[in-house]
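The following dialogue is meant for a reader who is new to this structure.

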Amino acid sequence: RMTSSATLGELAGELARARALVLLLDYDGTLVPFADVPEHATPDRALVVLLARLAARPATAVHVVSGRARDTLEHWLGALPIWLHAEHGYWSRSPGGVWHGAPAQDLEWRARARPILEDFVGRTAGARLEDKSTSMAWHYRLVEPEFGRYQVDELRRTLRERLADEPVELLDGE
């Protein structure tokens, strides 16, 4: 549902009057539209300028939160004086700072999950696997929609079955 321009105007007025702000901004689907190929969702110049202007506002901390890998966020937004949070907050860094991760996780499940995900990529035209430091994402935006929904259900069932004893959480998302 779209927010009305009147409501946005009221919100902008409240934000402008605030003495201090902490802005938590989601990347995909909020700052940039979803892209069929995730790597194509690069920030345009207008977004970079907007984030820089927000960060230059006195007593304002700008945080960009994303499911993307830290190297991608660093490449796209690392020169800005903003906080970055990659892989849904697993990795974070202050403006110009060093990346810090959450406590170490048991990642042995990846060796069991990878062949399953690669098999589904291989038999699903348009699907791809994105490998991150603590997770894996099976993308299927370019798959024929009905077949994609079928494959997602099958993949979910297969992963739950084969990784039942692993410290893994399956997340659906855009």
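**Pockets, helices and buried residues**

Student: What volume does the second largest pocket have, and which helix gives the largest share of its lining?

Tutor: In this predicted model, the second largest pocket has a volume of about 340 Å³. Helix H1 (5–17), strand S1 (21–26) and helix H2 (45–56) are the elements that give two or more residues to its lining. The largest share, five residues, comes from H1.

Student: How many residues in the lining of the second largest pocket are charged?

Tutor: The lining includes Leu-8, Leu-11, Ala-12, Leu-15, Arg-53 and Arg-57. By class, the residues of this lining divide into nine nonpolar and no polar. The number of charged residues is two.

Student: Which element gives the largest share of the lining of the largest pocket?

Tutor: The largest pocket holds about 1,600 Å³ of space. Of the 46 residues that line the largest pocket, the closest to its centre are His-88, Met-136, Ala-137, Leu-171 and Asp-172. H4, S7 and H5 are the elements that give two or more residues to the lining. The largest share, eight residues, comes from H5.

Student: How many residues in the lining of the largest pocket are nonpolar?

Tutor: The lining of the largest pocket has 15 charged residues and nine polar ones. The number of nonpolar residues is 22.

Student: What distance separates the end C-alpha atoms of helix H5?

Tutor: Helix H5 covers residues 145–162, which is 18 residues. At 1.5 Å a residue, the helix should therefore span 26 Å. The distance between its end C-alpha atoms agrees with this, at 25 Å.

Student: Which elements do the buried residues of H5 pack against?

Tutor: The buried residues of H5 are Gly-148, Gln-151, Val-152, Leu-155, Arg-156, Thr-158 and Leu-159. At the start of H5, a side-chain oxygen of Glu-144 lies within 3.1 Å of the backbone nitrogen of Glu-146. The buried residues of H5 pack against helix H4 (109–122) and S7.

Student: Is Leu-117 buried or exposed?

Tutor: Leu-117 has its place in helix H4. Leaving aside neighbours within four places in sequence, Leu-117 is in contact with Leu-129, Met-136, Trp-138, Leu-155 and Leu-159. Its relative accessible area is 6%, and buried means under 20%. Therefore Leu-117 is buried.

Student: How many Å apart in space are Leu-117 and Thr-158, C-alpha to C-alpha?

Tutor: Thr-158 is one of the buried residues of H5, whereas Leu-117 belongs to helix H4. In sequence, Leu-117 and Thr-158 are 41 residues apart. In space, C-alpha to C-alpha, the two residues are apart by 9.7 Å.

Student: Why does Thr-134 count as buried?

Tutor: Thr-134 is found in the loop between strand S6 (128–131) and strand S7 (136–139). A residue is buried when its relative accessible area is under 20%. Thr-134 counts as buried because its relative accessibility is 17%.

Student: What is the relative accessibility of His-85?

Tutor: His-85 is found in strand S3 (residues 83–86). Beyond residues up to four places away in sequence, His-85 touches several residues, among them His-63, Leu-73, Trp-91 and Trp-99. His-85 counts as buried, because its relative accessibility is 13%.

Student: What volume of space lies in the largest cavity?

Tutor: The count comes to one cavity of 30 Å³ or more. Residues that line the largest cavity include Asp-36, Val-37, Pro-38, His-139 and Tyr-140. The lining divides into four nonpolar, two polar and three charged residues. The space in the largest cavity is about 40 Å³.

Student: What percentage of the residues in the protein chain is buried?

Tutor: The secondary structure of the chain comes to five helices and seven strands, and the C-alpha trace spans about 55 × 35 × 25 Å along its principal axes. The chain has 174 residues. The buried part of these residues is 35%.

Technical notes
Residues numbered from 1 in each chain as written. Predicted model: local features only at pLDDT ≥ 70, side-chain atom pairs only at ≥ 80, totals over all residues. Heavy atoms only, no water. Helix = DSSP H or I, 4+ residues; strand = E, 2+ residues; numbered from the N terminus. Buried < 20%, exposed > 50% of the residue type's maximum accessible area, 1.4 Å probe, protein only. Expected span 1.5 Å × (residues − 1). Contact = heavy atoms within 4.5 Å. Polar contact = N/O pair within 3.5 Å; in protein donor to acceptor, adjacent residues only side chain to side chain. 1 Å grid on protein atoms, 1.4 Å probe; cavity = no way out; pocket = protein on both sides within 12 Å on 5 of 7 lines; lining within 4 Å. Points joined across faces, edges and corners; volume = space filled by probe spheres on them. Nonpolar A, V, L, I, M, F, W, Y, C, P; charged D, E, K, R; others polar.
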